[in-house]
Amino acid sequence: MLEEGSIFNALLVERLNYFIYVVLLLIGLWAMIAKNNLIKKLIGMSIFQTAIILFYVSIGVKEGATIPIYLPEHDPHGSSVLADSNSSETILAMPQALDASLVPNYTNPLPHVLMLTAIVVGVATLGLALSICLRIYRAYGTVEEDELLIKLEEEDNRNSGLSRKRRPRRRNPRPSNQTKQGSSSDSKISDKPKRRRSPKSQNPKSTSGRSPTKPSSKDTQSGSKKPVRRKRTNQPKEGNS
Amino acid sequence: MKRLALILVLLIGLLLAWAAQDFPRWGDPKSPASSSSVSSHFIANTGVDTEVPNMVTAVLADYRGFDTMLETVVVFIAGIAVFSILKGGPKQRTRDREFVVGFEPDLIVTNTVRLIVPVIQIFALYVLAHGHVSPGGGFQGGVAMGASFILVALAWDLKTALLRFSIDRCFMVAALGIVIYAGIGFLSMFLGGEFLDYAHLATVLPVSQEMARYHAMLGVEVGVGFTVTAIIFALYASLSSDGRMRDGL
Amino acid sequence: MSLEILNTLILSLLVVVAVLSLWVRDLVVSAVIFAVYSFLMCLLWAEMGAVDVAFTEATVGAGASTVVLIATVFNIKRKAKD
């Protein structure tokens with residue numbers, strides 16, 4: 001299985017580093033998806049970020065190269081002292097461009113620069129994400145994902161019922177005019193009594209509110225007594241005046 | 001759902017691993033990343049252009065200075081955002097911490113910290129200033145300096161640290177860092193060059209063009225150091241006290 | 001040759017520490033193990049020759065990131081459910 005040229009050899013022997021970087025990426029990615037606790041998800045995100053930075057820095061490595069700081073003999077400050085043993089004066093050499101043959105002696109500095117930025121931005125992102133976690137804890141009391149989902153669903157259910165209750169209530173109840181004509185807000189307001197009261201005979205007709213029952217509302221209004229006092233916005237008194 | 005996630009992640013992993021066999025051998029000097037013309041230019045010409053021995057600092061602060069400025073702005077925005085997220089919002093219900101930290105500052109810890117914090121700060125300033133010649137620079141020095149304030153907050157309590165470095169002053173210092181950075185850029189622009197073209201500062205400073213870039217890099221790193229110091233401490237102060245700034249860890 | 005052995009050793013430790021950091025239940029312990037992960041990364045980069053990145057990761061990753069994580073965990077429940 002480990003013969004030369006096979007995929008396992010190419011992966012596990014020669015390029016073991018890249019394989020382990022892939023494993024680290026997978027650990028981070030899986031933690032972000034599958035973990036329940038929000039803080040664990042953030043730790044997974046950080047593992048993911050540092051694994052990517054590791055991969056990026058490692059592609060700039062050269063064998064047998066030194067760190068990307070000039071060695072003293074190539075030092076641009078001209079510290080190469082050209083003096084013969086007798087004289088005490090030092091001739092400072094002008095800095096010159098490095099010879100192309102000497103370039104492979106230094107590690108590639110470009111990935112280092114980009115990843116410096118990435119590390120600092122990573123910690124800024126982590127701080128921001130943790131502050132959002134704290135706000136979630138303040139609002140819901142938990143940072144576990146399944147409990148959060150249950151609480152969010154409950155809140156959604158409450159809110160969808162709440163949207164009808166939020167209509168402004170009138171303080172003085174107008175005497176029972178069920179006029180649906182003219183005011184489109186009627187239909188919205190009339191929803192409220194539909195929820196408050198048990199379905200009475202009048203409610204379907206009155207609270208359906210839209211045009212089909214409009215002509216009929218007049219009939220019912222004069223005929224039947226209105227136990228339901230509806231609070232209306234400005235409406236002219238119905239028909240009889 | 002979690003099983004599906006696991007299968008998906010493993011599939012992605014297999015795909016990545018299969019693609020990984022096309023990579024060049026690790027450490028190959030002839031790989032495309034290592035022999036590109038951009039990085040060779042940087043390695044060869046850093047000494048001539050800027051007289052800075054540390055190539056990473058030169059590329060970070062001079063050749064790619066625009067990136068660094070915007071990264072500083074990103075750090076600043078993150079600090080402000082954390083502060084405003086935790087300070088705003090609905091009123092905190094007073095709630096006991098689940099894990100109560102001891103109230104009395106410990107004798108040994110406080111006296112050790114009292115001795116160590118000045119040393120840390122001097123070391124942070126050294127790292128910042130020496131970033132041209134050795135590994136270091138603005139970010140590292142800034143974080144070390146911010147960490148010294150966090151150490152004060154850990155040894156005593158957050159109030160003691162906030163007495164020395166209050167949150168308003170934090171944000172002012174952070175903004176000052178960005179103003180320094182952008183100010184050097186604008187100064188170069190007013191002197192006739194492009195934005196962040198440090199060579200034109202040689203007209204006001206009595207140094208050569210290369211040394212002008214050297215010194216401007218130091219100024220820029222100081223700006224970065226200010227911002228990072230202030231924001232690291234502000235991050236800790238906001239997060240450990242849940243926005244209240246009263247009691248910390 | 002010894003450098004490769006060191007490399008492989010640190011990499012395998014890295015995988016173990018990453019899995020462990022996600023496995024433990026206590027969040028403070030998880031944050032501390034994450035600091036160990038950061039330090040191992042710093043070692044790896046120093047060995048690869050990326051000294052600036054190693055310095056930054058040592059301060060930012062193992063320093064600021066860990067402190068910020070623990071400071072947050074002290075404000076919420078310490079025990080995770082999984």
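Predicted model: local features only at pLDDT ≥ 70, side-chain atom pairs only at ≥ 80, totals over all residues.

Trainee: OK, now chain B. How many residues does each chain put into the contact between A and B?

Mentor: Chain A puts in 54 residues and chain B puts in 49. On the chain A side, α1 (7-14), α2 (16-34) and α4 each supply at least two residues.

Trainee: Let's zoom in, then. At what angle do α4(A) and α3(B) pack?

Mentor: The angle is about 60°, and the axes of α4(A) and α3(B) are 9 Å apart. That makes α4(A) oblique to α3(B). As for handedness, α4(A) passes α3(B) in a right-handed crossing.

Trainee: Which residues make that contact?

Mentor: From α4(A) you have A:L110, A:H112, A:V113 and A:L116, and from α3(B) there are B:V56, B:V59 and B:L60. Sorted by class, this contact has six nonpolar residues, one polar and no charged ones.

Trainee: Back to α3(B) on its own. How many of its residues are buried?

Mentor: Nine of the nine, so to speak from end to end: α3(B) covers residues 55-63 and is mostly covered. The buried set is B:M55, B:V56, B:T57, B:A58, B:V59, B:L60, B:A61, B:D62 and B:Y63.

Trainee: What covers them?

Mentor: Elements from three chains are in the list. The cover includes α4 (110-140) of chain A, then α2 (37-50), α4 (65-87) and α9 (209-240) of chain B, together with α3 (51-73) of chain C.

Trainee: Switching topic: what does the secondary structure of chain A come to?

Mentor: Chain A has nine helices and two strands. Along the sequence the pattern reads α-α-α-β-β-α-α-α-α-α-α. Of its 241 residues, 34% are buried. Among contacts in chain A with a separation of 6 or more, 58% are between residues 24 or more positions apart.

Trainee: And α3(A), how far does that helix reach?

Mentor: Helix α3(A), residues 38-58, has 21 residues and reaches 30 Å from its first C-alpha to its last, close to the 30 Å expected.

Trainee: Why call α3(A) largely enclosed?

Mentor: Because 17 of its 21 residues are buried, α3(A) is largely enclosed by the rest of the structure.

Trainee: Last one. I clicked on B:L163; where is that?

Mentor: B:L163 is in helix α7 of chain B, residues 158-164.

Trainee: Is B:L163 buried or exposed?

Mentor: Exposed, because B:L163 has 10 C-beta neighbours inside 10 Å, and the cut-off for exposed is 12 or fewer.

Trainee: What separates B:L163 from B:Y181?

Mentor: They are 18 residues apart along the chain, and their C-alpha atoms are separated by 28 Å.

Notes: Residues numbered from 1 in each chain as written. Chains lettered and ligands numbered in written order. Buried ≥ 20, exposed ≤ 12 C-beta atoms within 10 Å, placed from the backbone. Helix = DSSP H or I, 4+ residues; strand = E, 2+ residues; numbered from the N terminus. Contact = placed C-beta atoms within 7 Å. Expected span 1.5 Å × (residues − 1). Axes fitted to C-alpha atoms, helices over the stretch in contact; angles between N-to-C directions. Parallel < 35°, antiparallel > 145°, perpendicular 65-115°, else oblique. Left-handed = near helix turned anticlockwise from the far one by under 90°. Nonpolar A, V, L, I, M, F, W, Y, C, P; charged D, E, K, R; others polar.
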